[in-house]
Amino acid sequence: MQTSTRDRIVLAAARLVQRQGYVGTGIKQIAKEADATLGSVYHFFPGGKEAVAVAAIKHGDEEFAAMLREALDGEEDPAAAVEGCARSLATALRASGWTDGCPVTAAALETLGTDSELQRACADALRGWQDLVADRLLRAGLARPDARELAGTIISALEGAEVTAQVTRSEEPLLQAGRQLARLVATYR
């Protein structure tokens, strides 16, 4: 099945923003990577670079949420599920040559302090991932306030561990975080 021009633009932008950030990604580079004309990019995204980046963040959010759901549902025990999630992230990061970390981190950090659509898309992604983890913990029998707070801790720890793993080019920060988060989750059972 052939990918539409709009989809190619979003996929190219998602890869570029994930690897080099929002600031480091140019609209011409997106067009080139997508094998599209600059006119096509502006046709589908009249808001320019920020509009393309928002679509790219939403795409990355959906991809990451699917991976997170799969990892969380892959184990009956919620502690093992959280540790499995960290292992999945470590495996994917290593396989990418340490370049494909969190799909929102770079853009989120570059747009701190702004009330932009891009910053809102990043915040929505992080909240959505926290909701996925909280839902999994609720299904395991945790009380709602505990599940929500613990989910926030899990997402924050995994995000930090993923950045550390990228910088050090090592899976160990994610694996350590996974082990420790699993221990923490187990204390609630």
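**Exercise 1.** State where arginine 169 lies and whether arginine 169 is buried or exposed.

*Solution.* Step 1: arginine 169 sits in the loop between H8 and H9; helices here are DSSP runs (H or I, at least four residues) numbered from the N terminus. Step 2: its phi is near 55 degrees, a positive value in a residue other than glycine. For comparison, most residues other than glycine have a negative phi. Step 3: the relative accessibility of arginine 169 is 53%, so arginine 169 counts as exposed. The cut-offs are under 20% relative accessible area for buried, over 50% for exposed, and in between for partly exposed (1.4 Å probe, protein chains only).

The model is predicted, local features need pLDDT of at least 70, side-chain atom pairs count only at pLDDT 80 or more, and totals for chains, interfaces and linings use all residues. Residues are numbered from 1 along each chain as its sequence is written, and side-chain values use heavy atoms, with hydrogens and water left out.

**Exercise 2.** Check the length of helix H8 and find what covers its buried residues.

*Solution.* Step 1: the expected span is 1.5 Å times one less than the number of residues. Step 2: H8 (residues 144–168) has 25 residues and should therefore span 36 Å; its end C-alpha atoms are 36 Å apart, which agrees. Step 3: the buried residues of H8 include Ala147, Leu150, Ile154, Leu158 and Glu162. Step 4: the cover over the buried residues of H8 includes helix H4 (49–73), helix H5 (78–95), helix H6 (105–110), helix H7 (117–139) and helix H9 (172–186).

**Exercise 3.** Describe the packing of H5 and H9.

*Solution.* Step 1: the axes of H5 and H9 are 7 Å apart, at an angle of about 170 degrees. Axes are lines fitted to C-alpha atoms, for helices over the stretch in contact, and angles run from 0 to 180 degrees between N-to-C directions. Step 2: H5 and H9 are therefore roughly antiparallel, a class for angles over 145 degrees. Step 3: contact means heavy atoms within 4.5 Å. Among the residues that meet are Val82, Ala86 and Leu93 in H5, and Leu174, Gly178 and Val185 in H9. Step 4: the residues of the contact of H5 with H9 divide into 13 nonpolar, one polar and three charged. Nonpolar covers Ala, Val, Leu, Ile, Met, Phe, Trp, Tyr, Cys and Pro; charged covers Asp, Glu, Lys and Arg; the others, Gly among them, are polar.

**Exercise 4.** Classify the aromatic pair of phenylalanine 64 and tryptophan 129.

*Solution.* Step 1: rings of Phe, Tyr and Trp (its six-membered ring) pair if their centres lie within 6.5 Å; planes under 30 degrees apart are stacked, over 60 edge-to-face, the rest tilted. Step 2: the count comes to one aromatic pair. Step 3: the ring centres of phenylalanine 64 and tryptophan 129 are 4.2 Å apart and the planes are at 50 degrees, so the pair is tilted. Step 4: phenylalanine 64 is in helix H4 and tryptophan 129 in helix H7, 65 residues apart. Step 5: phenylalanine 64 is buried at 9% relative accessible area, and tryptophan 129 is buried at 1%.

Note on methods: Helix = DSSP H or I, 4+ residues; strand = E, 2+ residues; numbered from the N terminus. Parallel < 35°, antiparallel > 145°, perpendicular 65-115°, else oblique.
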